[in-house]
Amino acid sequence: MKNLAVNKDYAMNDEQKTLKYLEEVEAKAEEILMDRQEIVALDKRRNDDRMGERALRNQKFDKTWMAVGPLLIKMSTNSAQELLAKDQRECDVEINKIRSDLRVKVNQLRDLEHTQSVPGLMLNPMSREEMLAVNQVLGKSL
Amino acid sequence: MAAVAAAKVQEVREITRIERIGAHSHIRGLGLDDSLEPRNVSQGMVGQLMARRAAGVVLEMIKDGKIAGRAILLAGQPGTGKTAIAMGMAQALGLDTPFTSMAGSEIYSLEMGKTEALTQAIRKSIGVRIKEETEIIEGEVVEIQVDRPATGVGAKVGKLTLKTTEMETIYDLGNKMIDSLMKEKVQAGDVITIDKATGKINRLGRSFTRARDYDATGSQTRFVQCPEGELQKRKEVVHTVTLHEVDVINSRTHGFLALFSGDTGEIKSEVRDQINAKVAEWREEGKAEIVPGVLFIDEVHMLDIECFSFLNRALENEMAPVVIMATNRGITRIRGTTYKSPHGIPIDLLDRMIIVPTSPYQEKDLKEILKIRCEEEDCEMADDALTVLTRIALETSLRYAIQLITTASLVSRKRKSTEVNIDDVKRVYSLFLDENRSSQFLKEYQDEFMFNELEEQAMEVA
């Protein structure tokens, strides 16, 4: 009888362990998917900024209406352009940051899933000149 | 999708293997389970459990990059599956790890020095992993609009609308971009990529949503899905090149010879030194990883003492591959000397090696192997015929029995039967002599042959 209780205890432990493990994996995977979404949203904002900047440059008035969140503000074209450029730079930085973090997270997830990490993921990229030389080896001419 | 592509790549690789070593074309891996225990019959491998398990352990160490610069010797009697194990290891290593296979006597037949041939073989077995990173804009063209000045001269202006499944945006185009879009004949509905750094445009195909735009499409029209996610993507591709390939490119005077990669004769040692320095620099900068691969030398007793001492030294190099050797010799003369040594390999080199023995196959293993080979050679065989063939394999050799499969299937086809029966096997057994019966015959009719010298010793191969 006692033996059975012990066994049951083990089973409980195992169950909890499995649950915890699955939770970890799912959380990590969710995080990665969220990051992907975030990149898409940021890229969208970056492209909108670019289009806005382009539109401002093509018009002749020195004051413009601009929607900042829920507000519609009238400001000078110059400062509007600056605002957009700044936002674009921020987006760039943020996207690059997420992308670098993503590499680490993907490897962590693969580690959790007991698969091998993606080979060469953490390498620094080759420069363009170096790639030209290597492409010759790979049989691609650019 | 990716899995399908990977499977295709695998297929291509296997075909090249089949062409090179037909006798082991049925081998798909080492046939081990996840805990490295060998399954009795799996992936074309049969029996030889101890050797396969040992090979599996070695394989895991290679994958972890732990035993670079060491050597493994597969030793055993002829026809005990040494080459099969090496092939299995090569298959199991996967695409990314370089595997070079050579026969010991190859180094004498090439038009270059022995050590040069060995150096090239070694450098073919060391991979350098690098990463290419490009920023691209990838999307489906929604609209492309170009305004030409009425006079026909002057700058053109235009707008390009691109979309993915998530977003859509408009790009203003300059003169140069318009020209290259025109050149690529990009139109609405195409899926294109634009390289951010070079501005190079690449047409991937037409979007599926536009598949019904025209009734007739050329056969070269490729339909692709509208890209997902962000427009401006970062593409990372990891390449593995071997040191030898890099050597070859850099030893050429001009690039046209790229068509004939490989046969370049000797490579200057300065070139190799330069490459080594460059690769070391890349590793320092975190731009490259060394992937120690596997060099397989079959019939290693055919190497001579010079090669052995060269190998001895080469193994100490920090960028040395794993060297797997196979031999079927017992205690014999080391080539190039008068000394005898186990396996025909100097003792000091033997000392560095992990030795994996292979033992003769059991009867039921032989039967399994013959069955697998029958499948591989598209030959249906009756059960009793297979039993007889197994018997033959046991008494003569496995190789002889395997050769009888194809010949027997030809004989059975001659009498318009789809299945090989016992008579076919008997017939080819009487038609083709095995090694034993052939020497028996020679001994009996010695006098009637030319140039017979009775006092001659048995053949000295080494």
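**A walk through two chains**

Let's start with one residue: A:His114 counts as exposed because it has 6 C-beta neighbours inside 10 Å. The cut-offs behind that word are simple: a residue is buried if 20 or more other C-beta atoms lie within 10 Å of its own, exposed if 12 or fewer, and partly exposed in between, with the C-beta atoms placed from the backbone. A:His114 sits in the loop between helix 2 (77-112) and helix 3 of chain A. Its phi angle is near 60°, a positive value in a residue other than glycine.

Before going on, a word about what you are looking at. This is a predicted model, in which local features need pLDDT of at least 70 and side-chain atom pairs count only at pLDDT 80 or more, while totals for chains, interfaces and linings use all residues. Residues are numbered from 1 along each chain as its sequence is written, and chains are lettered from A and ligands numbered from 1 in the order in which they are written.

Now for chain A as a whole. Its secondary structure comes to 3 helices and 2 strands; here helices (H or I, at least four residues) and strands (E, at least two) are DSSP runs, numbered from the N terminus. Along the sequence these elements follow the pattern α-β-β-α-α. Of the 142 residues in chain A, 9% are buried. Contacts tell us something too: two residues are in contact if their C-beta atoms, placed from the backbone, lie within 7 Å. Among the contacts in chain A between residues at least 6 apart in sequence, 54% join residues at least 24 apart.

Where do the two chains meet? Their contact takes 22 residues from chain A and 30 residues from chain B. On the side of chain A, the elements that give two or more residues are helix 1 (2-58) and helix 3 (128-138). Helix 1 of chain A gives the most, with 8 residues. By class, this side of chain A divides into 11 nonpolar, 5 polar and 6 charged residues. In this scheme Ala, Val, Leu, Ile, Met, Phe, Trp, Tyr, Cys and Pro count as nonpolar, Asp, Glu, Lys and Arg as charged, and the others, Gly among them, as polar.

Buried residues make up 33% of its 462 residues.

Let's look at how some helices of chain B pack. Two packed helices are described by the angle between their axes and the distance between the axes. Helix 5 (residues 114-124) and helix 9 (residues 305-314) of chain B pack at about 35°, with their axes 10 Å apart. These axes are lines fitted to C-alpha atoms, for helices over the stretch in contact, and angles run from 0 to 180 degrees between N-to-C directions. Among the residues making this contact are B:Leu118 and B:Ile122 of helix 5 and B:Phe310 and B:Leu311 of helix 9 of chain B. The contact residues divide into 6 nonpolar, 1 polar and 2 charged.

Is B:Glu299 buried or exposed? B:Glu299 counts as buried because it has 20 C-beta neighbours inside 10 Å. Its phi is near 50°, a positive value in a residue other than glycine.

Our last stop is helix 12 (residues 383-395) of chain B, with 13 residues. The buried residues of helix 12 include B:Val388, B:Leu389 and B:Ile392. What covers the buried residues of helix 12 includes helix 11 (363-376), helix 13 (398-414) and helix 14 (422-431) of chain B. Helix 11 of chain B holds B:Glu368, which counts as partly exposed because it has 17 C-beta neighbours inside 10 Å. Finally, the axes of helix 13 and helix 14 of chain B come within 9 Å and cross at roughly 115°. That contact has 6 nonpolar, 2 polar and 2 charged residues.

Terms used: Expected span 1.5 Å × (residues − 1).
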